[in-house]
Structure formats: structure tokens, C-alpha cells
Amino acid sequence: MRAREEFSRYASQYGTHNVIQTKVAQRLVANTPDKPRRILDLGCGNGTLFSSIDWELESFVGVDFSAAMLEHHPISSQTELILGDFNDQKLFAQLVAFSFDRLYSASALQWADDLDGVFKSIYALNTPVSFAIFTSGTFKTLYETAGLSSILKSSDEVIGSANHHFDAQFEIVRYILEFDTVREMFRYIKRSGVSGGRRVLNFTQTKRLMESYPLNYLEFEVLFITTL
Ligand SMILES: C[S@@+](CC[C@H](N)C(=O)[O-])C[C@H]1O[C@@H](n2cnc3c(N)ncnc32)[C@H](O)[C@@H]1O
């Protein structure tokens, strides 16, 4: 599975390349309408969300399909880390044994094979949710310059799917990240996990894109989904 290999390959560097994901996780936590004490985090990675929580917890279950990412997750007497795949029904069969006050997922669900199916499985856990999902405005100019369409779903598509399962509030937030050089920008894309390991351009196409990209920043678009 390509995405898992890619996240694992760069796991040790993720912490220094996740500038936007850190802002996203912090916003997701700050926007929580309550202070849930029993938390599930799907696609927990190296624990950015866990580290953003500033209230006392009873339990924190983090799920990720990359063992290398989990190795970097903080552990405490409250944390339980599960190596699992949210595309796999077996994970949700395991999770029904737990009780949660809120289910979080930050910067991970855009990689669901079948987002609607994952939403359905999450809905069955009968728990309030807070999701942040990268959508197709991410790398907008980069894709336009390369003459490609985004590999991510549009915010409208994700909202449409979420509306099937949740009575949720939606917020779209755009971020930019500036770089001194185009080379640094492309290195960031590779190491930050935002490309999910999908390599769509060959070497020559990448070189041409680096020469013609008109901005000194990257664009990100994130859809926040919250239920009460
Ligand atoms: C961009 S990182 C975000 C990590 C963390 N939530 C954060 O906010 O920094 C995406 C994470 O989702 C995990 N992930 C992607 N697809 C997954 C899947 N199908 N099941 C479980 N974890 C997955 C990756 O291994 C990675 O750790």
C-alpha cells in the first residue's frame, strides 16, 4: 500500500514538516464544543492532536496504519495506540468495545479509499465527531500549472457525503505556506504527508513544473466538520 509506505518512510521527519497539519490539529481541538475525556483519534500519526489537548483525559485511543508514525506518538498511562486501518471494517468491529466522548481525525481522512463508507462506520460508533479533511483547493495553483486535476475530493463532495451521516457544522479554512526556494517547496510536499505518497509526475514533468510554478507559497484548503 503506497500511502502507508510513504508515511512510514518519512515518519521520523514528519514532526519538522507538518507545519500546516499542526495548525489544523490545534484549530480542531480549540473548536471542540466540549472537553471530551475519552477520545478516539483516527490517523493519529505522531500525536499532533494528542499534544494539542490541554485538558485532563481519562483515555486516548490513537489509531494509525503506519507503525513508524505510531513510534513517534507520546505515550502515557491514558494512551492506547492501535495499529489499524480505517478502510478496514475489522478496525471498527474492534472499536465498538470502547466508549468515547468524541472521535477526532486530523489531516487523515482525505486518504480514505471510500470516504462515505468510513463515515458510515464512524456513525455506527454513535460518538460526536471533529474532523479536519484536506480538500481539492489544496495545491490549487500547483495542479493548475501542471495541467492536472486534484487527487483530493472537493469540499462540496465531502460536505455532501458527511450530510448523509452527520448533523454537522462545516467550516472551510485556507492556509498558505511560504518558501524561500521552489526546491524547498517540493521537498516539503514529499515529506509532509500531504501528497499521501501519490506520485503523479515523472522527473522531467516535475522539473518543468518547478520552473513554471508562479507562486512562492503553497495553498491548502481544509474542511472542518464538527457535530455537537
Ligand atoms: C498527514 S498525517 C496526520 C497525522 C496527525 N493526525 C496530525 O494531525 O499530524 C496522516 C496520518 O494518517 C495516517 N493514515 C492514512 N491513511 C490511513 C488509514 N487508512 N488508516 C489509518 N491511518 C491512516 C498516516 O499513516 C498518517 O500518520
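# Close-up views of a predicted model

**View 1. One face of helix H10.** In helix H10, which spans residues 182–191, the residues Met185, Phe186, Tyr188 and Ile189 are buried; here buried means under 20% relative accessible area, exposed means over 50%, and partly exposed lies in between, with a 1.4 Å probe and protein chains only. Looking down the axis of H10, the buried residues fall within an arc of 155°, so they line one face of the helix, the arc being that of the directions from the helix axis to the C-beta atoms. Helices (H or I, at least four residues) and strands (E, at least two) are DSSP runs, numbered from the N terminus.

The structure is a predicted model, in which local features need pLDDT of at least 70 and side-chain atom pairs count only at pLDDT 80 or more, while totals for chains, interfaces and linings use all residues. Residues are numbered from 1 along each chain as its sequence is written, and side-chain values use heavy atoms, with hydrogens and water left out.

View 2. Side chains of opposite charge can pair when their charged atoms come close. A salt bridge is counted when a side-chain nitrogen of Lys or Arg is within 4 Å of a carboxyl oxygen of Asp or Glu, and by this rule the count comes to 8 salt bridges. One of them joins aspartate 34 to arginine 102, with the closest N and O atoms 3.2 Å apart. This pair links distant parts of the chain, since aspartate 34 is in the loop between helix H3 (19–30) and strand E1 (38–42), whereas arginine 102 is in strand E4 (residues 102–106), 68 residues apart. Aspartate 34 counts as partly exposed because its relative accessibility is 31%, while arginine 102, with a relative accessible area of 0%, is buried. In another salt bridge, the side chains of aspartate 101 and arginine 38 meet at 2.7 Å, N to O. Aspartate 101 lies in the loop between H6 and E4 and arginine 38 lies in strand E1, so this pair ties together parts that are 63 residues apart in sequence. Both partners are partly exposed, aspartate 101 at 23% relative accessibility and arginine 38 with a relative accessible area of 25%.

**View 3. Glutamate 221 and its surroundings.** The side chains of arginine 174 and glutamate 221 meet in a salt bridge of 3.0 Å, N to O. Arginine 174 lies in strand E6 (residues 169–178) and glutamate 221 in strand E7 (residues 217–226), so the pair ties together parts that are 47 residues apart in sequence. Arginine 174 is exposed, with a relative accessible area of 60%, whereas glutamate 221 counts as buried at 8% relative accessibility. Not counting residues up to four places away in sequence, glutamate 221 touches several residues, among them Ile133, Phe134, Ser155, Ile172 and Val173, where contact means heavy atoms within 4.5 Å. A polar contact of 2.7 Å joins the side chains of glutamate 221 and threonine 135, and the side chain of glutamate 221 also reaches the backbone nitrogen of glycine 137 at 2.9 Å. A polar contact is a pair of N or O atoms within 3.5 Å; within protein, one atom must be able to donate a hydrogen and the other to accept it, and residues adjacent in sequence count only if both atoms are side-chain atoms.

View 4. The structure holds 10 aromatic pairs, where rings of Phe, Tyr and Trp (its six-membered ring) pair if their centres lie within 6.5 Å, and planes under 30 degrees apart count as stacked, over 60 as edge-to-face and the rest as tilted. Phenylalanine 98 and phenylalanine 100 have ring centres 5.6 Å apart and planes at 15°, so this pair is stacked. Phenylalanine 98 is partly exposed at 26% relative accessibility, while phenylalanine 100 is buried, with a relative accessible area of 10%. The rings of phenylalanine 179 and tyrosine 188 have their centres 5.4 Å apart and their planes at 55°, so that pair is tilted; phenylalanine 179 and tyrosine 188 are both buried. One aromatic cluster is formed by Phe134, Phe139, Phe179, Tyr188 and Phe220. The charged end of arginine 27 sits over the ring of phenylalanine 224, 5.7 Å from its centre, which follows the rule that NZ of Lys or CZ of Arg is within 6 Å of the ring centre and within 35 degrees of the ring normal.
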